[in-house]
Amino acid sequence: MDMFELQAQKNLLKDAPLAERLKPRSLEEYVGQEHILGKGKLLWRAIKADKITSLILYGPPGTGKTSLAKVIANSTKSNFVRLNAVTDGLKELREVVAKAKNDLGMYNTKTILFIDEIHRFNKAQQDALLPFVEKGILILIGATTENPYYEINNALISRSMLFKLEPLKEEHIEMILKRAVADKDAGFGNTSICMKKEAISYIANMANGDARRALNALELSVLTTDRDEHGIINVTLEVAEECLQKKHIQYDKNRDEHYDVISAFIKSMRGSDPDATVHYLARMIYAGEDPKFIARRIVIAASEDVGNADPIAMIVANNAAQAVQFVGMPEGRIILSQAAIYVASAPKSNSSYVAINTALKDIGEKKIGSVPIYLKDQNYSGEKKLGSGAEYLYPHSYEGNYVKQQYLPDALFGTSYYNASENGYEKKIKARLIKLKDSEK
């Protein structure tokens with residue numbers, strides 16, 4: 001690169017959006033993803049030692065995939081080339097390969113090829129990469145927002161290490177925002193800004209783990225806010241709210257609002273009010289609550305408050321929890337809504353909940369006795385000599401697959417833990433249990 005190209009690159013960076021200007025230049029500046037980049041972790045060691053092998057980085061937008069590629073570019077002695085799968089194709093790839101071959105043969109210099117949006121390459125383009133990755137002519141770093149097992153050829157995956165980047169935590173995004181305000185080279189450090197604490201917290205919360213979205217909101221806040229009489233740009237909660245085009249609602253994940261809303265959500269499902277259920281669900285989704293947290297609450301309600309009155313509720317809730325992780329947000333909101341409405345609308349019974357709590361209380365407070373000898377395991381010789389299992393009555397050998405037999409220990413004989421309700425399917429369960437007991441008379 002000559003002096004004119006270098007100056008042009010500096011000018012482009014100067015006019016670039018804040019999110020681009022603030023990309024980290026070293027591992028020390030990189031924020032988040034400690035599970036793969038914590039000090040001493042495999043990827044951290046590989047970057048520090050300049051021993052990068054082919055990598056696939058995948059995760060939601062704004063989690064630092066291209067930032068990590070830039071860190072690697074600044075840390076390596078290899079040539080670093082970037083392609084974008086949206087705008088570049090086989091022609092550009094062939095040019096990179098030709099130069100990589102030449103540099104490797106003439107100067108023993110390796111080439112790292114970073115392909116952004118690699119899932120946009122079709123099968124033929126991905127196949128074209130394979131022989132050069134396999135022979136070591138190119139070290140591939142692919143970035144994708146899609147699950148690589150669905151979008152990238154198995155042959156490329158098998159020759160690469162996969163690293164999943166998670167949505168950034170709120171504290172990480174707050175660190176990035178504060179750095180953006182203070183940084184004199186890439187941020188607003190040379191501008192008089194008063195960034196209100198609640199504005200930082202709000203942007204970090206609303207970003208949903210996306211640092212780029214947070215920085216875009218900050219930049220818009222600064223650029224569209226007039227200075228006050230002292231020449232200071234005041235970025236308030238109202239300014240941040242306007243720039244994100246989303247009103248602020250009282251919902252702090254670490255304060256009472258969080259617990260109040262989730263409590264109202266659970267009680268609305270328990271109270272069979274699907275309208276209130278959806279309202280509180282919407283509050284949580286709007287405020288950026290973790291969808292996995294919401295899904296767990298629905299699964300618990302399906303068992304605790306619906307139970308055997310409608311066993312299908314547990315299937316719906318559990319499938320929804322898995323589907324939300326597979327699909328992600330924002331579409332996951334539809335799945336959560338369906339499951340929550342089903343649980344809210346289902347017949348209710350807490351009989352299973354009461355049964356296990358009562359049984360646990362008895363075990364903690366009462367003499368529970370030993371297992372009846374005929375119910376004990378007889379698979380080892382010592383127990384056979386003691387007569388374990390000898391008097392056991394096998395239910396399937398009797399009419400109706402049932403025979404009267406004591407299963408509880410003597411100390412608890414006659415205790416009733418499960419008292420089925422008259423609601424939904426549990427009414428049928430209750431009727432069957434009564435019928436079995438009547439047949440004993």
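Begin with the largest nonpolar core, which has 34 residues; select Leu177, Ile193, Met195, Ile203, Leu215, Leu218 and Val235, the members with the most contacts inside it. The model is a predicted one. Next, colour the elements that each give at least two residues to this core: helices H2 (18-21), H10 (170-182), H11 (197-206), H12 (211-223) and H13 (237-243), with strands E6 (193-195) and E7 (233-235). Nonpolar side chains tend to be buried together in soluble globular proteins.

Leaving aside residues up to four places away in sequence, Ile193 touches Val181, Phe188, Val222, Ile232, Ile233 and Val235.

Then move to a second, separate core of 27 residues, which includes Ile262, Phe265, Val316 and Ala346.

From there, select Ser268, in helix H14 (residues 256-270). Is Ser268 buried or exposed? Its relative accessible area is 9%, so Ser268 counts as buried, the cut-off being under 20%. Residues up to four places away in sequence not counted, Ser268 touches Asp273, Ala276, Thr277 and Tyr280.

Now show helix H6 (residues 90-107) and helix H7 (residues 123-134). Two packed helices are described by the angle between their axes and the distance between the axes. For H6 and H7, the axes come within 11 Å and cross at roughly 5°. Angles under 35 degrees count as roughly parallel, and H6 and H7 are therefore roughly parallel to each other. To see the contact, select Leu90, Leu93, Val97 and Lys101 in H6, which meet Gln125, Ala128, Leu129 and Phe132 in H7. By class, this contact has 6 nonpolar residues, 1 polar and 1 charged.

The remaining stops concern the backbone. Most residues other than glycine have a negative phi, and most peptide bonds are trans.

- Asn108 lies in the loop between H6 and strand E3 (111-116). Phi of Asn108 is near 55°, a positive value in a residue other than glycine. With a relative accessible area of 64%, Asn108 is exposed.
- Asp50 is found in the loop between helix H4 (42-48) and strand E1 (55-58). Asp50 also has a positive phi, near 55°. Asp50 is partly exposed, its relative accessible area being 25%.
- Pro330 sits in the loop between helix H17 (312-327) and helix H18 (332-345). Select Met329 together with Pro330: a cis peptide bond joins them, with omega about 10°.

Technical notes: Residues numbered from 1 in each chain as written. Predicted model: local features only at pLDDT ≥ 70, side-chain atom pairs only at ≥ 80, totals over all residues. Heavy atoms only, no water. Axes fitted to C-alpha atoms, helices over the stretch in contact; angles between N-to-C directions. Helix = DSSP H or I, 4+ residues; strand = E, 2+ residues; numbered from the N terminus. Parallel < 35°, antiparallel > 145°, perpendicular 65-115°, else oblique. Contact = heavy atoms within 4.5 Å. Nonpolar A, V, L, I, M, F, W, Y, C, P; charged D, E, K, R; others polar. Core = buried A, V, L, I, M, F, W, Y, C linked by side-chain atoms within 4.5 Å. Buried < 20%, exposed > 50% of the residue type's maximum accessible area, 1.4 Å probe, protein only.
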